[in-house]
Amino acid sequence: MYKAILFALIACVSLSANATSHDADQRFADMQKADMSYRQLMELLGEASAMIHLAILRENKQMVKQAAIIITGHPAPLQPPWLIVPQADQADFKATLMAFDPLLDRHAEAIASHAEKGDWPAAAQALSELNATCIGCHAIWRQRVQ
């Protein structure tokens with residue numbers, strides 16, 4: 001499953017790198033900034049994912065909802081996220097961010113929706129998809145972070 005998601009996302013990113021570079025700059029400019037680094041933001045999102053995992057195990061709708069809000073409403077870090085990769089990779093990293101951020105939102109919203117209905121197996125499946133998206137991005141970029 002991870003391989004299929006990873007290959008689809010790589011294809012999507014490589015096709016849209018030039019078109020989304022400006023979009024990423026604009027999105028970053030429009031977002032509320034938080035007093036945190038990109039790494040700290042990723043840690044926050046990871047904690048939200050872990051919170052969802054626990055919430056599903058406990059069948060706690062409110063806990064799922066709060067964690068999903070963290071993911072869908074996250075602020076931007078103080079510095080542009082693409083500065084963590086070499087200049088030559090920044091356009092592709094911007095495209096990755098523009099492709100992955102809506103996916104994270106969609107998965108978090110699906111988890112919350114399933115949890116609200118008490119459909120815990122579907123919430124767990126949506127969490128699996130959220131985690132696959134996170135892992136896919138890390139697989140692409142982790143070795144290129146400077």
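View 1. Because its relative accessibility is 29%, glutamate 129 counts as partly exposed, a class that lies between buried, under 20% relative accessible area, and exposed, over 50%, as judged with a 1.4 Å probe on protein chains only. Glutamate 129 belongs to helix 5, which covers residues 120-141; helices here are DSSP runs of H or I with at least four residues, numbered from the N terminus. Although glutamate 129 and leucine 104 are 25 residues apart in sequence, their C-alpha atoms are 8.9 Å apart in space. This is a predicted model, in which local features need pLDDT of at least 70 and side-chain atom pairs count only at pLDDT 80 or more, while totals for chains, interfaces and linings use all residues. Residues are numbered from 1 along each chain as its sequence is written, and side-chain values use heavy atoms, with hydrogens and water left out.

View 2. With neighbours within four places in sequence set aside, the contacts of threonine 133 are Phe100, Leu103, Leu104 and His107.

**View 3. The largest nonpolar core.** This core holds 36 residues, and those with the most contacts inside it are Ile52, Ile56, Val64, Ile71, Phe93 and Ile111; a nonpolar core is a set of buried Ala, Val, Leu, Ile, Met, Phe, Trp, Tyr and Cys residues joined through side-chain atoms within 4.5 Å. At least two residues of the core come from each of helix 1 (2-30), helix 2 (38-58), helix 3 (61-72), helix 4 (90-116) and helix 5. In soluble globular proteins, nonpolar side chains tend to be buried together.

**View 4. Aromatic pairs.** The whole structure contains three aromatic pairs, which are rings of Phe, Tyr and Trp (its six-membered ring) with centres within 6.5 Å, called stacked if the planes are under 30 degrees apart, edge-to-face if over 60 and tilted otherwise. Phenylalanine 28 and tryptophan 82 form an edge-to-face pair, with 5.6 Å from centre to centre and 70° between the planes. Because phenylalanine 28 lies in helix 1 and tryptophan 82 in the loop between helix 3 and helix 4, this pair ties together parts that are 54 residues apart in sequence. Both phenylalanine 28 and tryptophan 82 are buried.

**View 5. Phenylalanine 93 and tryptophan 141.** The ring centres of phenylalanine 93 and tryptophan 141 are 4.9 Å apart and their planes stand at 80°, so this pair is edge-to-face. The pair links distant parts of the chain, since phenylalanine 93 is in helix 4 and tryptophan 141 in helix 5, 48 residues apart. Phenylalanine 93 is buried, with a relative accessible area of 1%, and tryptophan 141 is buried too, with 4%. Together with Tyr38, Phe93 and Trp141 form one aromatic cluster. Beyond the neighbours within four places in sequence, phenylalanine 93 is in contact with Tyr38, Pro81, Trp82, Ile84, Val85 and Trp141.

Terms used:
Contact = heavy atoms within 4.5 Å.
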